[in-house]
Amino acid sequence: ARPRHPESQRRMPVSSRTVLVRNASLLVTMDDADTRIPDGGVYIVEGVIQAVGPSDQLPAEADEIIDARGMVILPGLVNTHHHFTQTLTRAVPAAQNATLFDWLRTLYPIWARLTPEAVRVSTRLAIAELMLSGCTTASDHTYLWPNGARIDDQIEAARETGIRFHAARGSMSVGESRGGLPPDSVVEDEDAILRDTRRAIETYHDPSRYAMLRIVVAPCSPFSVSPDLMRESIALARAYGVQAHTHLAETEDEEAYCRSTFGKTPVELAEELGWVGSDVWHAHLVHAHPPEIQRLGAQRTGIAHCPTSNMRLASGIAPVRVWLDAGCRVGLGVDGSASNDGSHLLAEARQAMLLQRVANGPAALTATEALRLATRGGAAVLGRDDIGCLAPGMAADLIGYRLDALTFAGGAVHDPLAALVFCQPQNVTLSVINGRVRVRDGELVGVDLPALIAEHNRHARALV
């Protein structure tokens with residue numbers, strides 16, 4: 001069967017036919033030449049960038065004109081790995097000081113009480129936090145669907161926010177009785193997983209340029225799904241031409257599990273099952289061995305780097321420079337909001353820079369490199385060539401931070417771009433997604449944030 005793409009799902013309507021963003025103190029394109037334009041601007045038609053350049057060289061009129069004076073403008077940030085529902089279980093006392101496996105064992109029974117409405121409200125809240133941090137495209141990996149919850153609940157909520165969304169239909173099928181980590185009560189039948197994943201692709205996936213919604217095939221991890229499900233999942237993804245995603249080589253415990261259960265390292269297992277290549281990306285990959293990284297890079301396999309989560313769970317320091325030098329596609333992910341415990345993507349870029357320096361010295365990762373991971377790198381990981389850069393023909397996803405913020409004082413005057421990463425991360429003043437303003441003057445457009453937080457906290461209390 002071929003995926004269906006109803007016209008109503010292809011493109012969200014834009015609020016204005018033309019949009020002009022002008023007078024930015026600095027416009028950073030993230031193009032191959034690293035072009036930076038003082039007093040820069042962007043001209044947008046129907047959600048697509050038509051022109052980028054000095055403000056006085058752009059059209060003078062548009063249906064909507066945005067004065068970006070005093071801001072640095074750059075492409076929207078791209079989040080390559082998250083677990084939206086985990087916003088409901090931040091800072092749970094029993095899980096505060098645990099490594100990954102014990103953290104999961106503590107939280108699985110709580111997550112088993114998720115409801116469809118809890119999935120929807122946690123999705124809206126996580127996306128609100130992401131958007132305020134500068135994220136314009138996000139992928140989420142939800143792998144528990146209890147009590148009637150479906151990926152449709154996330155998609156419905158994400159559409160309300162206007163974010164560009166890659167919904168990963170996650171799954172777990174191997175419970176404790178079969179040697180897996182999760183309790184049997186939260187795993188699914190493998191045939192049912194594959195049927196529902198196929199349904200999600202056929203119903204929602206949009207392969208077109210500038211798509212606002214794509215579906216990802218995403219079995220959870222080597223310790224929660226079977227090799228058969230991994231094989232069938234990658235075959236399904238490739239039959240439909242969609243991306244595939246999983247967790248891999250996150251901890252030393254996972255390596256010990258894979259060696260004991262399969263006689264292989266996590267990466268060796270992934271290779272045997274066909275989980276490498278330009279249509280695959282893995283979360284974490286902290287404990288891949290150097291020869292394995294070289295093989296992954298040669299195959300252009302993608303990696304979602306989640307530094308805060310790796311620090312929070314004491315998983316280790318990922319070898320980001322080795323990944324990049326090997327040719328891997330590398331982006332950033334905030335990871336689950338119960339292992340971060342936040343959803344601030346600019347803060348994640350800062351953590352990526354600082355953590356690499358802890359391990360490898362002050363030149364290990366620059367501020368500009370960290371921001372490229374968060375923009376161009378994330379776009380590449382998600383298999384997209386229409387986001388992550390401000391240039392004609394690219395999607396009109398851009399963000400702006402005010403340079404006169406308190407924590408940028410004394411930094412933005414020297415290097416406005418580096419200040420975003422070296423100084424305390426700020427929320428955006430402006431966010432435009434698909435040509436529509438989603439954050440204006442630092443406030444989410446059309447969102448009653450206090451009411452959303454209150455509703456979210458009611459679900460969090462009920463869940464725990």
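Mentor: Before we start, contact here means heavy atoms within 4.5 Å. This is a predicted model, where local features need pLDDT of at least 70, side-chain atom pairs count only at pLDDT 80 or more, and totals for chains, interfaces and linings use all residues. Residues are numbered from 1 along each chain as its sequence is written, and side-chain values use heavy atoms, with hydrogens and water left out.

Trainee: Is C306 buried or exposed?

Mentor: C306 sits in the loop between β13 (302–305) and α10 (307–312); strands (E, at least two residues) and helices (H or I, at least four) are DSSP runs, numbered from the N terminus. Buried means under 20% relative accessible area, exposed over 50%, partly exposed in between (1.4 Å probe, protein chains only). Because its relative accessibility is 0%, C306 counts as buried.

Trainee: And how far from a polar atom of the T246 side chain is the backbone oxygen of P219?

Mentor: T246 belongs to strand β11 (residues 244–248), and at 1% relative accessibility T246 counts as buried. Beyond four places in sequence, its contacts include H141, P219 and W281. For the P219 backbone oxygen and that side-chain polar atom of T246, the distance is 2.8 Å.

Key
A polar contact is a pair of N or O atoms within 3.5 Å; within protein, one must be able to donate a hydrogen and the other to accept it, and residues adjacent in sequence count only if both atoms are side-chain atoms.
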